[in-house]
Amino acid sequence: MSEELKNFAREASGGEPAAEAANARVLARFAAAGAAPEGAKARVLAALEARRKPLAPRLVPAFAISAAVVAAFLLLRPGARPEPLLSTDWLSYDNFPYYSDEARQYLNPADPEERSLEGLIPSAEDGF
Amino acid sequence: MEFAEIYDKHFDRIYAYVRCRVASGAVAEDICSAAFGKAFENFSQYDPARGEPVQWLFGIARNEVNRHLRRSAIVSFIPLDLFGDIFGDRAAAGPDAGETGELYAALEELEPKERDLISLKFYSGLNNREIAGLTGLSESNVGTILYRCMAKLRKKLAAEGL
């Protein structure tokens with residue numbers, strides 16, 4: 001028992017020799033119980049070693065799959081590639097709003113049946 | 001001083017302190033692992049001028065134990081004491097049966113703060129002033145609490161035939 005604990009046993013006894021002896025017995029018992037169980041030191045050391053590894057090998061596939069999923073999403077998401085300002089179909093009426101009605105009719109000729117008052121498309125005959 | 005040397009020299013004392021404060025040996029090992037892990041990571045910041053390595057290590061271990069106890073208090077919604085009849089007396093069961101179990105049972109009757117201080121006193125080798133510095137209490141307060149704890153432990157263990 002250390003000198004510090006011997007002093008403590010004496011001070012905590014309140015000057016009674018019997019209490020001092022009892023304190024010493026309590027301290028001795030705690031000192032005896034203080035040893036770590038066999039293997040605990042090695043187990044803790046092994047756990048420390050495991051913590052020191054920067055990346056556990058079993059996590060590598062998970063990281064690789066996650067990275068692949070993220071990369072695929074970034075490359076294939078809508079709008080990932082900038083659309084050209086002018087469509088390659090230069091006749092597309094979307095590119096020429098001024099001529100849009102005419103172009104729409106040129107590219108998507110309306111059914112003659114739709115050229116009626118019901119279809120709200122002016123008739124070619126009377127202009128209504 | 002190398003970290004391995006510090007680990008070899010102080011492991012038993014740190015383990016004993018942690019074991020006195022938590023319910024099982026396995027939990028004590030986990031906490032020791034976390035504490036030594038933190039100590040290793042921050043070993044470059046350790047300044048010998050500010051104190052002995054043992055004081056520094058006990059400070060880290062104490063923080064880890066307190067963190068564990070706070071987490072346990074949040075997680076444990078149902079006290080296992082309710083199932084005392086099913087699980088039996090925790091102090092008398094498992095590898096801590098016998099004298100060691102009696103000691104831990106006696107410690108369980110102390111308040112958490114008392115348990116902390118008495119464990120530090122028994123195993124850290126620090127004096128009351130150093131313990132006061134570690135815990136943020138005054139030196140006289142530490143002395144008073146330790147005196148009271150010792151009387152309780154003496155009484156409890158005397159009743160069990162020590």
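A charge sits over a ring if NZ of Lys or CZ of Arg is within 6 Å of the ring centre and within 35 degrees of the ring normal. The views below show a predicted model.

**View 1. A charge over a ring in chain B.** B:Arg19 lies over the face of B:Tyr104. The distance to the ring centre is 4.2 Å.

**View 2. Aromatic rings in chain B.** Over all chains, the structure holds 13 aromatic pairs. One of them joins B:Phe43 and B:Tyr46, whose ring centres are 6.4 Å apart; the pair is stacked because the planes are at 10 degrees. B:Phe43 is partly exposed, with a relative accessible area of 21%, whereas B:Tyr46 is buried, at 16%. B:Tyr46 also pairs with B:Trp56: the centres are 5.0 Å apart and the planes at 35 degrees, so this pair is tilted. B:Tyr46 lies in the loop between helix H2 (25-41) and helix H3 (53-75) of chain B, and B:Trp56 in helix H3, so the pair ties together parts that are 10 residues apart in sequence. These residues belong to one aromatic cluster, which also includes B:Phe3, B:Tyr7, B:Phe11, B:Tyr15, B:Phe36 and B:Phe40.

**View 3. The largest nonpolar core.** This core has 57 residues. Those with the most contacts inside it are A:Phe30, B:Phe11, B:Val18, B:Phe36, B:Ile118 and B:Phe122. Helix H1 (residues 3-21) of chain B gives the most to the core, with 10 residues. Leaving aside neighbours within four places in sequence, A:Phe30 is in contact with residues of chain B, among them B:Cys20, B:Leu103, B:Phe122 and B:Leu157.

**View 4. A salt bridge between chains.** The structure holds 10 salt bridges over all chains. In one of them, the closest N and O atoms of A:Lys41 and B:Asp8 are 3.4 Å apart. The pair crosses from helix H3 (residues 40-52) of chain A to helix H1 of chain B. A:Lys41 is partly exposed, at 28% relative accessibility.

View 5. B:Arg21 and B:Asp116 meet in a salt bridge of 3.3 Å, N to O. The pair links helix H1 to helix H6 (residues 112-124) of chain B, 95 residues apart. B:Arg21 is buried, with a relative accessible area of 8%, and B:Asp116 is buried, at 4%. A salt bridge of 3.7 Å, N to O, joins B:Arg148 and B:Glu114. B:Arg148 lies in helix H8 (residues 139-159) of chain B and B:Glu114 in helix H6, 34 residues apart. B:Arg148 is partly exposed, at 42% relative accessibility, whereas B:Glu114 is buried, at 4%. Through shared partners, salt bridges join B:Arg21, B:Arg62 and B:Asp116 into one network.

Technical notes
Residues numbered from 1 in each chain as written. Chains lettered and ligands numbered in written order. Predicted model: local features only at pLDDT ≥ 70, side-chain atom pairs only at ≥ 80, totals over all residues. Heavy atoms only, no water. Phe/Tyr/Trp six-rings, centres within 6.5 Å; stacked < 30°, edge-to-face > 60°. Buried < 20%, exposed > 50% of the residue type's maximum accessible area, 1.4 Å probe, protein only. Helix = DSSP H or I, 4+ residues; strand = E, 2+ residues; numbered from the N terminus. Core = buried A, V, L, I, M, F, W, Y, C linked by side-chain atoms within 4.5 Å. Contact = heavy atoms within 4.5 Å. Salt bridge = Lys/Arg side-chain N within 4 Å of Asp/Glu carboxyl O.
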